[in-house]
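Welcome, and please open the model in your viewer.

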Amino acid sequence: MRVITAVIAITAGVLVLLGIFFGGVFDVIRLLVTDWTIIIAGMAVLVGVLNLVMVQWGKISTRQKGWGYSVLLVVSLLGAALYGSILGLDNSIMKFTVEAIIIPVEASLLAILAVTLVYASIRLLRRRTDMMSVIFLITLVLFLLAIMPTPLSLDPNVQFIQNSIIGFVGMISRGGARGLLIGVALGTLLTGLRVLFGIDRPYGGK
């Protein structure tokens, strides 16, 4: 069985590469394999959701600690699924509901991230006082001051300073983000090659 899964995975990878580089009939096969992959991924997500519901239902039935959160999660999940199935994803009420939940949650997470970064930079300075730690803390504080809405933000001179800080810090952060994306791309490429040659077998086997 392990040999069969390895052969299927390697064959699918080779067919996709042939479709990308040579086109023609290989491109048709590549699209077919990609469609199968999307269907399998969708089924995997569905199985994951069902497993999540079963795990939370087990906590509810045995009255484990925090079972109230499990009830909230299951009710929210089923309600969102039913709501979306009836109204559809393109419905304006559905979009408004999703945005009314997602945007405040994202804003809260970013606020927690900002506080965590300041705290981490201060702890970093206590452990290791060097130039990079100071630059990290100064950059973070300047960026937070620039994006923070204050009554002084209405002044044109203050707005110019804020825009200058955001532009300067954005230049540094874009460089860091590109470095991270290049690292992710190289890691993904290496992982794909290891799976393609059968060195790594995340689908099972050693």
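Start by selecting arginine 63: just after α2, this residue takes a positive phi of about 55°. Helices here are DSSP runs of H or I with at least four residues, strands are runs of E with at least two, and both are numbered from the N terminus. You are looking at a predicted model, where local features need pLDDT of at least 70, side-chain atom pairs count only at pLDDT 80 or more, and totals for chains use all residues. Residues are numbered from 1 along each chain, and side-chain values use heavy atoms, without hydrogens and water.

The charged end of arginine 63 sits over the ring of tryptophan 67, 4.6 Å from the ring centre (the test: NZ of Lys or CZ of Arg within 6 Å of the centre and within 35 degrees of the ring normal).

Next, select residues 25-61, helix α2. Its 37 residues should span 54 Å at 1.5 Å a residue, and the end C-alpha atoms are 54 Å apart, which agrees (the expected span is 1.5 Å times one less than the number of residues). Within α2, colour Val33, Gln56 and Ile60, which are buried (under 20% relative accessible area, 1.4 Å probe, protein chains only).

Now show everything. The protein chain has six helices and zero strands. Its radius of gyration is 25 Å, well over the 17 Å of the globule rule for 206 residues, so the chain is more spread out than a compact globule (C-alpha atoms; the rule is 2.2 Å times the number of residues to the power 0.38). Finally, of the 206 residues, 11% count as buried.

Key. Buried < 20%, exposed > 50% of the residue type's maximum accessible area, 1.4 Å probe, protein only.
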